Amino acid sequence: MKSKHLHLAFIPAREGSEGFKHKNRLFFNITADFLDTISWFDGVIVSTDDPIVTEYAEKKFYSVHHRADEL
């Protein structure tokens, strides 16, 4: 029996980290590779304002939410 619910993973990846510059670019592939090993996720959503992370996410065929600058 197939579940009626979707299981989504969410990756928040803001560009302007203050303590460790571009940390989300560095850690994105590690997180994405881990999520790809979990078979019960129906999709992955990446919320970002970083064009590099957007490019990484699109290569993985993840959905991208373009986060507002004021957030």
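# Briefing on a β-α-β-α-β chain

Phe61 counts as exposed, at 77% relative accessibility. Here exposed means over 50% relative accessible area, buried under 20%, and partly exposed in between (1.4 Å probe, protein chains only). Phe61 lies in the loop between H2 and E3, and its phi is near 65 degrees, a positive value in a residue other than glycine. The model is a predicted one, in which local features need pLDDT of at least 70 and side-chain atom pairs count only at pLDDT 80 or more, while totals for chains, interfaces and linings use all residues. Residues are numbered from 1 along each chain as its sequence is written, and side-chain values use heavy atoms, with hydrogens and water left out.

**The chain as a whole**

- The protein chain contains two helices and three strands, which follow one another from the N terminus in the order β-α-β-α-β.
- Helices (H or I, at least four residues) and strands (E, at least two) are DSSP runs, numbered from the N terminus.
- The C-alpha trace of the protein chain spans about 45 × 25 × 20 Å along its principal axes.
- Of the 71 residues in the protein chain, 28% are buried.
- The protein chain exposes about 5400 Å², and carbon and sulfur atoms supply 57% of that area; the areas come from the Shrake-Rupley method with a 1.4 Å probe.
- Among contacts (heavy atoms within 4.5 Å) between residues at least 6 apart in sequence, 58% join residues at least 24 apart.
- The protein chain carries 9 positive and 11 negative side chains, and the centres of these two sets lie 5 Å apart. Lys and Arg count as positive, and Asp and Glu as negative, whereas His and the chain ends are not counted. Each charge is placed at NZ of Lys, CZ of Arg, CG of Asp or CD of Glu.

- Helix H2 covers residues 51-59, and its residues Val53, Thr54 and Ala57 are buried. These residues are on the same side of H2 because they cover an arc of only 105 degrees around the axis, taken from the directions that lead from the helix axis to the C-beta atoms.
- An α-helix has 3.6 residues a turn, so residues three or four places apart point the same way.
- The buried residues of H2 pack against strand E1 (8-13), helix H1 (23-36), strand E2 (43-48) and strand E3 (63-66).
- Pro51 and Lys59 are exposed residues carried by the face of H2 that is turned away from its buried side.
- At the start of H2, a side-chain oxygen of Asp50 comes to within 2.9 Å of the backbone nitrogen of Ile52.

**The loop between E1 and H1**

- Glu15 belongs to the loop between E1 and H1 and is partly exposed, with a relative accessible area of 29%.
- Leaving aside neighbours within four places in sequence, Glu15 is in contact with Arg25, Asp49, Asp50 and Pro51.
- From C-alpha to C-alpha, Glu15 and Thr48 are 7.0 Å apart in space, although 33 residues apart in sequence.
- Glu18 is also placed in the loop between E1 and H1, and it is exposed, with a relative accessible area of 69%.
- The C-alpha atoms of Glu18 and Tyr56 are 21 Å apart, and the two residues are 38 apart in sequence.
- His22 is a further residue of the loop between E1 and H1; it is partly exposed, with a relative accessible area of 35%.
- Although His22 is not a glycine, it has a positive phi of about 60 degrees.

**Residues of helix H1**

- Lys23 is found in helix H1 and is partly exposed, with a relative accessible area of 32%.
- Lys23 and Ala13 are ten residues apart along the chain, and their C-alpha atoms are separated by 8.8 Å.
- Asn24 also has its place in helix H1, and this residue is buried, with a relative accessible area of 18%.
- Not counting residues up to four places away in sequence, Asn24 touches Pro12, Ala13, Arg14 and Val53. Val53 is one of the buried residues of H2.

Definitions and conventions
A polar contact is a pair of N or O atoms within 3.5 Å; within protein, one must be able to donate a hydrogen and the other to accept it, and residues adjacent in sequence count only if both atoms are side-chain atoms.
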